[in-house]
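User: I am new to this structure and would like to learn how to read its features one at a time. Please take me through them.

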Amino acid sequence: EELQSALQRGASRKELTDCCSDFYTIIPHSFGFSKPPIIDTADKLQEKFDMLNVLSDIAMAQGMTAAADTSVQQVHPAELKYQQLEADLELLPPSDPEYKVLQKYVSVPANRCRLETVWRVRR
């Protein structure tokens, strides 16, 4: 804005140089070892505005991509492993005949185990 107002009022070369220095400090550029050009016309200033608009669009697109990536990363590792099995798991109620068969097998007096849950796996 300072640079724009300096151009509009016909500021001196020194004032334009100072404004450009501030601009290049805030918005870094790569000039190598050469001296940064002075923005001394409305067309040059418009080019810089256009460049900033493009950079803003790129930053916005990257932010949206990053947001999409984080939503994928929020899947629990156990859920990812389950998806890799490509199998259906079904929790059997204690009234299910398969559950009862397994309950009888586990409840043998010599066995110290107890049955908590039974899952049916379909591949």
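This is a predicted model: local features need pLDDT of at least 70, side-chain atom pairs count only at pLDDT 80 or more; totals for chains, interfaces and linings use all residues.

User: Where do Asp18 and Lys14 sit relative to each other in helix H2?

Analyst: Asp18 and Lys14 are four residues apart in helix H2, which spans residues 13-26, so about one helical turn separates them. Lys14 is exposed, at 58% relative accessible area, while Asp18 is partly exposed, at 36%.

User: How many salt bridges are there by this rule?

Analyst: The count comes to nine salt bridges. Among them is the pair of Arg9 and Glu15, whose side chains meet at 1.9 Å, N to O. Arg9 counts as exposed because its relative accessibility is 51% and the cut-off for exposed is over 50%. Glu15 counts as partly exposed, at 27%.

User: Which parts does the salt bridge of Glu98 and Arg120 tie together?

Analyst: The side chains of Glu98 and Arg120 meet at 2.5 Å, N to O. Glu98 belongs to helix H5 and Arg120 to strand E2, so this pair ties together parts that lie 22 residues apart in sequence. Salt bridges with shared partners join Glu90, Asp96, Glu98, Arg120 and Arg122 into one network.

User: Asp96 is in that network. Where is the place of Asp96, and is Asp96 buried or exposed?

Analyst: Asp96 is found in the loop between E1 and helix H5 (97-106). Its relative accessible area is 16%, and buried means under 20%, so Asp96 is buried. The side chain of Asp96 also reaches the backbone nitrogen of Glu98, at 2.9 Å.

User: Next, aromatic rings. What describes a pair of aromatic rings?

Analyst: Two values describe such a pair: the distance of the centres and the angle of the planes. The structure here holds two aromatic pairs. In the pair of Phe23 and Tyr24, the ring centres are 5.5 Å apart and the planes are at 65°, so the pair is edge-to-face. Phe23 is buried, at 15% relative accessibility, and Tyr24 is buried, at 12%.

User: What are the values for the rings of Tyr24 and Phe31?

Analyst: The centres of the Tyr24 and Phe31 rings lie 5.1 Å apart with the planes at 80°, so that pair is edge-to-face. The angle that counts as edge-to-face is over 60 degrees. Phe31 is partly exposed, with a relative accessible area of 25%. Through these ring pairs, Phe23, Tyr24 and Phe31 are linked into a cluster.

User: Last, the surface. Which residues make the nonpolar patch?

Analyst: Leu89, Leu91, Trp119 and Val121 make a nonpolar surface patch of about 400 Å². Two strands are involved: E1 (88-92) and E2 (118-122) each supply at least two residues of the patch.

User: Take Leu91 as an example. Where is the place of Leu91, and what is its relative accessible area?

Analyst: Leu91 lies in strand E1. Its relative accessible area is 46%, and Leu91 is partly exposed. A patch residue needs over 30% relative accessible area, so the value for Leu91 passes that cut-off.

How values were computed:
Residues are numbered from 1 along each chain as its sequence is written. Side-chain values use heavy atoms; hydrogens and water are left out. Patches are made of residues with over 30% relative accessible area and no salt bridge: like charges are joined within 9 Å, nonpolar side chains (Val, Leu, Ile, Met, Phe, Trp, Tyr) within 5 Å. Accessible areas come from the Shrake-Rupley method with a 1.4 Å probe; for residues, only the protein chains shown count as cover. A salt bridge is a side-chain nitrogen of Lys or Arg within 4 Å of a carboxyl oxygen of Asp or Glu. Buried means under 20% relative accessible area, exposed over 50%, partly exposed in between (1.4 Å probe, protein chains only). A polar contact is a pair of N or O atoms within 3.5 Å; within protein, one must be able to donate a hydrogen and the other to accept it, and residues adjacent in sequence count only if both atoms are side-chain atoms. Rings of Phe, Tyr and Trp (its six-membered ring) pair if their centres lie within 6.5 Å; planes under 30 degrees apart count as stacked, over 60 as edge-to-face and the rest as tilted.
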